[in-house]
4 protein chains.
Amino acid sequence: MSRISTHCELRYTVAERTSFAFAVLAAQGRRQRVIDERLTLAPEQPVQRVALGPGGHELVRVVVEPGGFGLTYDATVELSAFVAEVPPSVEVPFEEVPAEVLAFLNPSRYCESDRLTRVAERTFGELEPGFGRVTAICNWVYEHLEYVPGSTDGSSTAVDVLVGGAGVCRDYAHLSIALCRGLGIPARYVSGYAVDLEPPDFHGFFEAYLDGDWYLFDATRMAPLDGLVRIGVGRDAADVAFAALVGEATLDTQIVCTIDLDRTAPSDPTTAAISTA
Amino acid sequence: MSRISTHCELRYTVAERTSFAFAVLAAQGRRQRVIDERLTLAPEQPVQRVALGPGGHELVRVVVEPGGFGLTYDATVELSAFVAEVPPSVEVPFEEVPAEVLAFLNPSRYCESDRLTRVAERTFGELEPGFGRVTAICNWVYEHLEYVPGSTDGSSTAVDVLVGGAGVCRDYAHLSIALCRGLGIPARYVSGYAVDLEPPDFHGFFEAYLDGDWYLFDATRMAPLDGLVRIGVGRDAADVAFAALVGEATLDTQIVCTIDLDRTAPSDPTTAAISTA
Amino acid sequence: MSRISTHCELRYTVAERTSFAFAVLAAQGRRQRVIDERLTLAPEQPVQRVALGPGGHELVRVVVEPGGFGLTYDATVELSAFVAEVPPSVEVPFEEVPAEVLAFLNPSRYCESDRLTRVAERTFGELEPGFGRVTAICNWVYEHLEYVPGSTDGSSTAVDVLVGGAGVCRDYAHLSIALCRGLGIPARYVSGYAVDLEPPDFHGFFEAYLDGDWYLFDATRMAPLDGLVRIGVGRDAADVAFAALVGEATLDTQIVCTIDLDRTAPSDPTTAAISTA
Amino acid sequence: MSRISTHCELRYTVAERTSFAFAVLAAQGRRQRVIDERLTLAPEQPVQRVALGPGGHELVRVVVEPGGFGLTYDATVELSAFVAEVPPSVEVPFEEVPAEVLAFLNPSRYCESDRLTRVAERTFGELEPGFGRVTAICNWVYEHLEYVPGSTDGSSTAVDVLVGGAGVCRDYAHLSIALCRGLGIPARYVSGYAVDLEPPDFHGFFEAYLDGDWYLFDATRMAPLDGLVRIGVGRDAADVAFAALVGEATLDTQIVCTIDLDRTAPSDPTTAAISTA
């Protein structure tokens, strides 16, 4: 159990009437409890919080008139992650994958798993199934990629990143997810806050479905796995953009800050078998 | 109101234990009622029908031992499509798009709407919003593409098809969907049966979300819109493959046959504003 | 006949021993005569001018030690373009394309003409062959693209630009070239200086092989065709980069300035049939 | 020194007047001498042999009226390869690459070396320069790819093949070439005949420019390096297609047969440092 404090602040100059959908709220869940939170908009206005359906995260939807606009969100979150003492050595066979998990086997915009099947099979096909195999994928992605801000953009996919050899957190997650799906392991993208991230920012990582549970992985090794606060999950980053907008607005300031209030010894992102889903 | 009879028959040679998920069942819905259906497997075995959650279609999941294997499905379906006398001239603004529809604005594996935003905007941005604009997209896709079986494959996307200038029904749908999403119009892929399709086969078309309802479109003009029987919907064809399998099996025979039992005068696929969702 | 003055100045900070190859010299040719030129390097050093073989341009090759480095080039060029009073209505049939021209029918890194054959054929296949058809391609490219600095980068190809709907001069040329080759018309990229370019910069345009001569085209319409001074030609921009380097150097300043000394009435870039090759 | 006999036979059904350019003639060169050759066309007609300029191969150009058409070519070729006893450990620095070799550093249609720079650098950047490094590239390509006829097509590039993990001889060559160029090593595609190829066919391999000479490499390991008879070289396969045609013709029969007349002990394709250029 650990308590984490998250803070985010986004300030825009809005040039014309703009409709926003923010995905910045910490998710409520079985193993992640939001103890306390405060969301403020400036100028003040009624906040519409909209749940994206079963398993979906909550959006903040707001329409803003031209001028300055800011959103500030603070939360204290209690994580009671499940930690498998013995990491699962079981991948769920296709016929037993639950209906609601099946979509996470499909290729998606940024994770073209259908194109990477053969490479996934040749590189990881001989390994023992389960947690160790997904860890091997993360290690391979970590070795293959260089972390270079600006090397990719919003249209870069797992294939682009594999070819280009560089990326940022979302790219690490996309390539890992695509390789998992290529092996028949359901995998999904998670957006969130991360303790100790340097430089501080939102973070993107992923979960793989093993032995009936969603296990956390982060191929970037930039944060401890028990310091990750979930905002939302999706097929890839397209589903959990921190801010989507229709209209015209410029982001002037973005401040993100995430602190472990209990300063527990962090887990090792390369060996811990943790689930917070 | 019309009654349509659908028939499909799939026969495989299974080389090793194979796990199948078929999406061939006619969907039950408000405006599409399955009056009568029969599903048989050979060799006989218990059938597992699995719903994919709210709004999702039903899968037939089955594990098959090596040898011959066949699935036959017959249904009689009653369509009571809503036909808008005056086609909707309203596109739903971003802030009013319902939470469960938002995902159909996102780019997906085969519909890279994020890459086509500018082309969509330049080509269709000046047109009156609503049904007429989506029809203009369909007409443009119909003119731009040549229907050439074999010109694309399972990894071809809207971008590939735009560049290559040819495709089959799923490609027509993907390109249309990507252009709709590029304009901010939610759009989704529909798989189904289609009366009068030549040669007979499964069919792929799409729906756009206008004025609070899902309207049917088919840029191929190969079938009347009121002769389309829905199997399932998804972000693109990846979500509604007729047969997904893990194992090793060869499809030897595929027979699909769809008949309008009432022989009503077919609707014009380029002007009818029809919703069966 | 017109006289044009070109000026270019490139200043670098060189971090480690760097080997440069510059393609900035005005080409000597039958219809473009360099009357006067001056090339200076700072710090001074012997200049190696290397011709790239028959028909090729001249490179300035130089190895620079760490520190500041500058290249300045001034030339006065006399153009005696051939102007066809009646634009050619002849495209050279494949069997008559001279051996040294054949390579300009092949797809190249930035001009994937093999992927665009069908679109080229469907869009321009019915038009009368010759100058008018290539002009139609230029007009189409001009209409289809938006000129947006920064919208593309050094790896963007004709296909990317067709899909993205925006680009800069090299992208306009690449897409035009790819469409020409897709129709069986040899086409090549030309780098050069352009009178009246706003903002001043190097320029990229193209030539198509018609009726036994290379005719100039510029789909950007940013400069008069008789104000174009040729540096070099190649299959696409990869062959005529203004500066190629191995080592580490930062371009601090780039000044390009091109003046028509005779201030003749400029030709219309959409109708003039001009050859300077 | 070895003598090799090559035979090729191509038979077409020509549906409309068709213009062909064949690249099937064994090249004359310093280290490859054509002792004896016979080219016959059926129906008989005058043969136009056209050289593609300095260093270029010879084409057979012919225009054929509708009906049957066949080309048969037989040659006896004497190879006197240069075999380096000590493989070269020198890569030519950029400033010393001869002008006529520079183009083989540029990215090309099927070898997008600009996109693979980082992967090339990370994977092979630390290795000793020279023959050993290019051999390491070949070994890596051999391990990474599966030889699967039909897995790629005429538009597949080095990037596609890297992602897809499979290909045929031209794909092996393209990926190897792109990786070489990404490291600053000039590399070019060679088409030819290959002793012992199974199944018999034309072959594609490559040469890298090391220590002032072009060395032969073949990442497929399908033929001994001293059993390779050169037809032509180019930037990639686009430049040396065995048959290019404008018109309409169907290839009905293709027979290729290559025999080592001296049955010498074949060289090892993974260690021999051989140049026939």
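Chain C can be laid on chain D by a turn of 180° with a shift of 0.0 Å along the axis, and the RMSD is then 0.0 Å. In chain C, the C-alpha nearest the axis belongs to Arg109(C), at 1.9 Å from it. The same surface serves both copies, since 100% of the contact residues of chain C recur in chain D. The model described here is a predicted one.

## How the chains meet

In the contact between chain C and chain D, 28 residues of chain C touch 28 residues of chain D. On the side of chain C that touches chain D, the elements giving two or more residues are strand E3 (48–51) and strand E4 (58–64) of chain C. That side of chain C consists of 13 nonpolar, seven polar and eight charged residues.

Chain A and chain B form another pair. The contact takes 28 residues from chain A and 28 residues from chain B. Strand E3 (48–51) and strand E4 (58–64) of chain A are the elements that give two or more residues to the side of chain A that touches chain B. By class, this side of chain A has 13 nonpolar, seven polar and eight charged residues.

A rotation of 180° with 0.0 Å of shift along its axis superposes chain A on chain B, with an RMSD of 0.0 Å. This is the relation of a two-fold axis. Of the residues of chain A, Arg109(A) comes closest to the rotation axis, with its C-alpha at 1.9 Å. Here too the same surface serves both copies: 100% of the contact residues of chain A recur in chain B.

The table gives the separation for each.

| Chains | Contact | Closest C-alpha atoms |

## Two domains in chain A

Chain A is divided into domain 1 (2–80 + 244–258) and domain 2 (86–238 + 268–272). The C-alpha centres of domain 1 and domain 2 of chain A lie 25 Å apart. Between them, 17 residues of domain 1 of chain A are in contact with 15 residues of domain 2 of chain A. On the domain 1 side of this contact, strand E1 (2–22), strand E5 (67–79) and strand E13 (243–260) of chain A each supply at least two residues. The residues on that side of domain 1 of chain A divide into 10 nonpolar, seven polar and no charged.

## A helix and a strand pair in chain A

Helix H2 (residues 131–144) of chain A has 14 residues. From its first C-alpha to its last, H2(A) reaches 20 Å, close to the 20 Å expected at 1.5 Å a residue. Which residues of H2(A) are buried? They are Phe131(A), Arg133(A), Val134(A), Thr135(A), Ile137(A), Cys138(A) and Val141(A). An α-helix has 3.6 residues a turn, so residues three or four places apart point the same way. The buried residues of H2(A) pack against helix H1 (117–124), helix H4 (169–182), strand E10 (203–210) and strand E11 (213–217) of chain A.

Strand E12 (residues 228–234) of chain A is mostly covered, with seven of its seven residues buried. Strand E9 (residues 187–194) of chain A runs antiparallel to E12(A), and six bridges join the two. Within this pair, Val190(A) stands opposite Val233(A) in E12(A).

## Backbone details in the loops

Some loops contain cis peptide bonds. One joins Ala42(A) and Pro43(A), with omega about 0°. Pro43(A) is found in the loop between strand E2 (32–42) and E3 of chain A. In chain B, the peptide bond from Glu198(B) to Pro199(B) is cis, with omega near 0°. Pro199(B) is found in the loop between strand E9 (187–194) and strand E10 (203–210) of chain B.

Other loop residues have a positive phi. Asp196(C) has a phi near 70°, a positive value in a residue other than glycine. Asp196(C) lies in the loop between strand E9 (187–194) and strand E10 (203–210) of chain C. Is Asp196(C) buried or partly exposed? Asp196(C) is partly exposed, because 13 other C-beta atoms lie within 10 Å, and a residue counts as buried at 20 or more. Leaving aside neighbours within four places in sequence, Asp196(C) is in contact with Ala223(C), Pro224(C) and Gly227(C).

Asp211(D), also not a glycine, has a positive phi near 55°. Asp211(D) is found in the loop between strand E10 (203–210) and strand E11 (213–217) of chain D. Asp211(D) is partly exposed, with 16 other C-beta atoms within 10 Å.

Key:
Residues are numbered from 1 along each chain as its sequence is written. Chains are lettered from A and ligands numbered from 1 in the order in which they are written. This is a predicted model: local features need pLDDT of at least 70, side-chain atom pairs count only at pLDDT 80 or more; totals for chains, interfaces and linings use all residues. Helices (H or I, at least four residues) and strands (E, at least two) are DSSP runs, numbered from the N terminus. A residue is buried if 20 or more other C-beta atoms lie within 10 Å of its own, exposed if 12 or fewer, and partly exposed in between; C-beta atoms are placed from the backbone. Two residues are in contact if their C-beta atoms, placed from the backbone, lie within 7 Å. Ala, Val, Leu, Ile, Met, Phe, Trp, Tyr, Cys and Pro count as nonpolar, Asp, Glu, Lys and Arg as charged, and the others, Gly among them, as polar. Domain bounds come from an automatic or database domain assignment. The expected span of a helix is 1.5 Å times one less than its number of residues. Copies are superposed by least squares on the C-alpha atoms of residues with pLDDT of at least 70 in both. Two strands pair if DSSP finds at least two bridges between them.
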